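Here are my comments on the charged side-chain pairs. Please read them alongside the structure.

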Amino acid sequence: MAVPGVARDTLPSRQRQVMDAIKSFILERGLVAGDPMPTESELMEQLGISRNALREAIKALQALGFVEVRHGSGTYVGAVPTRVMQDGLAFRLQQSMRGSMREVRGLLQVREALEVGLASEVVRHYISNSTDQLRVIVDAMRAKAAAGEYFPDEDLAFHEALYRPLDNELVMDLLWVFWTTFHEIDPRLPGPHYTPADACAWHEGLLEALEHADVDLYRSRMRGHFDGVRIRLFRAEPVDHGEA
């Protein structure tokens, strides 16, 4: 399985190609997180690369979580952490905050599409399952809102409770990444901040729609749930005064 185009050390794209070759090797062999990788010598032979090229690629893949190097034990397939995605998005949003905030609006649109798109599945689940856990969370939100306090922990817990029954780990990972990233930049967004009472009302509305098994109402209220952020971003858009 020689890596095409990487026989010469002078190629500028060499490390990237070697990294891609190692990832392809993992996929082709059906290796999963925790499985041992072949020895260094075996990988060199399998991929047709030098020791230095392999070590540099492994070092880069380790930083990204694709592999795990255990000193004295060997190299293993890694479980790519969602933290990598979250850090990348956070960096892009921080850059966007200094300019047009296009990236911020884009991420909000993706998260809204995900949560609105899952409306039917969420409502279907709660038709035959109790909403008691959600009710407990909303009650905790209401108590904090009455004291004028925001409730980020309960907010995340509510959305996790919505989607965990769907048994989709990718949805849970994306939810955590999107929520955490927005939570980090929320205090710096322009425009008036929604109140704790506003936020509580949004979640109460979602719970009510679930208890009535009303998909259209739930979908509409999930869109409304994002209005607090959307309005602040809309007010940050530059005003077009037309041509002078």
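1. Where do R142 and D139 lie, and how many residues apart are they? Both residues are in helix 7, separated by three residues, which is about one turn of the helix. R142 is partly exposed at 34% relative accessible area, and D139 is partly exposed at 35%. The model is a predicted one.

2. Partly exposed is the class for R135, at 30% relative accessible area. E211 also counts as partly exposed, with 41% relative accessibility.

3. Another residue to check is E208, which pairs with R221 in a salt bridge of 2.7 Å, N to O. This pair links distant parts of the chain: E208 is in helix 10 and R221 in helix 11 (residues 215–225), 13 residues apart. The relative accessibility of E208 is 35%, so this residue counts as partly exposed, between the 20% and 50% limits. R221 counts as partly exposed at 27%.

4. A further item is a network: E40, R51 and R55 are joined into one by salt bridges that share partners.

5. For the overall tally, the structure holds 13 salt bridges.

Methods. Residues numbered from 1 in each chain as written. Predicted model: local features only at pLDDT ≥ 70, side-chain atom pairs only at ≥ 80, totals over all residues. Heavy atoms only, no water. Salt bridge = Lys/Arg side-chain N within 4 Å of Asp/Glu carboxyl O. Buried < 20%, exposed > 50% of the residue type's maximum accessible area, 1.4 Å probe, protein only. Helix = DSSP H or I, 4+ residues; strand = E, 2+ residues; numbered from the N terminus.
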